[in-house]
Amino acid sequence: MIQFDHVTFRYENADEPALCDVSLRIEEGSFVAIVGHNGSGKSTLAKHINGLLLPSSGTVTVCGLQTNLEENILPIRQQVGMAFQNPDNQLVTTIVEEDVAFGPENLGIEPNEIRSRVDEALASVGMTNYAEKAVHHLSGGQKQRIAIAGILALKPRILVLDEATAMLDPSGRKELIDTVKSLHKTGMTVLMVTQYMEETTECDRIVVMNHGKVVCDDTPKAVFSEVELLAESNLVPPETVKVRNALRELGYSIPDSVLNAEQLAEAVCPLL
Ligand code: ADP
Ligand code: MG
């Protein structure tokens, strides 16, 4: 679905490339997290997926279309929905359902079709009951879900989230992650850039970036066992993994597959 082949990208006047020989393959229907410390190149990578940035060398192919051909940009952008950090920057109207309808309206889609797309998109993010509410009364998590509904109304095949949970409180973050997981279950290909390692335990894969390079690309189970690599990349594993590792150091046997709180509880109860 998404393929990076030896992509290097340098911002104008920058000494170091922001992406350095990045090769990556993302299969249709997968749920992939991109993690890395500030400035490691995550947003630069995300912006290559819909052709907002073009490689200085190498190629990016999305749904079989290369981003470096101008005629491919529009068809690629129709397949890739992007959600960003600040929900307020992504909402354009005052009423929830009008906001979700804004994209399809601009594409000149006929009103009946817009109605059904808006209803479906609001249902997908669990916001049906808020259709007629004022956007400014919503919480941050609800606003992000509306922003995502607006993307879904355009019927993309790929959803890219660039730190979409960063400005949310813990409950808003959980709401959004649950929404993203349910979208993934319906077959959406999801690429999620995040600083919160806790959010990545249920992804198919975690791609770790450091200084513009992919330094690790594997399952959560494998990535969280790379204690040194995570430390070198300035990443802190989820609390549950820290507890797991601390218990191991005390001599308790807890398997690599223990990543989230439920799994940890299940592993610890028999020890008690
Ligand atoms: P991340 O999203 O992981 O924090 P970015 O992709 O935003 O990282 O940035 C990667 C590198 O590129 C950083 O060194 C950053 O300072 C640099 N960079 C980002 N945007 C620009 C820009 N518009 N112009 C010049 N340098 C930039
Ligand atoms: Mg970023």
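Does Gln-142 count as buried or exposed, and at what relative accessibility? In this predicted model, Gln-142 counts as buried because its relative accessibility is 14%, and the cut-off for buried is under 20%. Gln-142 sits in helix α5. Leaving aside residues up to four places away in sequence, Gln-142 touches Met-127, Tyr-130 and Glu-175.

**The cores**

Helix α5 also matters for the count of core residues. The largest nonpolar core has 48 residues. Those that touch the most other members are Val-100, Leu-122, Ile-146, Ile-148, Leu-161 and Val-208. The largest share of this core comes from α5, with six residues. A second, separate core holds 27 residues, including Ile-2, Leu-45, Val-60 and Met-209. In soluble globular proteins, nonpolar side chains tend to be buried together.

Take Leu-161 as a case. Its contacts are Ala-83, Ile-148, Val-180, Val-190, Leu-191, Met-192 and Val-193, again without residues up to four places away in sequence.

**Helix α6**

An α-helix has 3.6 residues a turn, so residues three or four places apart point the same way.

**Helix α1**

Helix α1 (residues 42-49) is largely enclosed by the rest of the structure, because six of its eight residues are buried. They are Lys-42, Thr-44, Leu-45, Ala-46, His-48 and Ile-49. Leu-45 is also a member of the second core.

**Glycines after the helices**

| Helix | Glycine just after | Phi |
|---|---|---|
| α1 | Gly-51 | about 75 degrees |
| α6 | Gly-187 | about 110 degrees |

**A nonpolar patch on the surface**

Some nonpolar side chains lie outside. Leu-250, Tyr-252 and Leu-271 make a nonpolar surface patch of about 310 Å². Leu-250 is placed in the loop between α9 (239-249) and α10 (261-271). Leu-250 counts as exposed because its relative accessibility is 66%, and the cut-off for exposed is over 50%.

Note on methods
Residues are numbered from 1 along each chain as its sequence is written. Chains are lettered from A and ligands numbered from 1 in the order in which they are written. This is a predicted model: local features need pLDDT of at least 70, side-chain atom pairs count only at pLDDT 80 or more; totals for chains, interfaces and linings use all residues. Side-chain values use heavy atoms; hydrogens and water are left out. Helices (H or I, at least four residues) and strands (E, at least two) are DSSP runs, numbered from the N terminus. Patches are made of residues with over 30% relative accessible area and no salt bridge: like charges are joined within 9 Å, nonpolar side chains (Val, Leu, Ile, Met, Phe, Trp, Tyr) within 5 Å. Accessible areas come from the Shrake-Rupley method with a 1.4 Å probe; for residues, only the protein chains shown count as cover. A salt bridge is a side-chain nitrogen of Lys or Arg within 4 Å of a carboxyl oxygen of Asp or Glu. Buried means under 20% relative accessible area, exposed over 50%, partly exposed in between (1.4 Å probe, protein chains only). A nonpolar core is a set of buried Ala, Val, Leu, Ile, Met, Phe, Trp, Tyr and Cys residues joined through side-chain atoms within 4.5 Å. Contact means heavy atoms within 4.5 Å.
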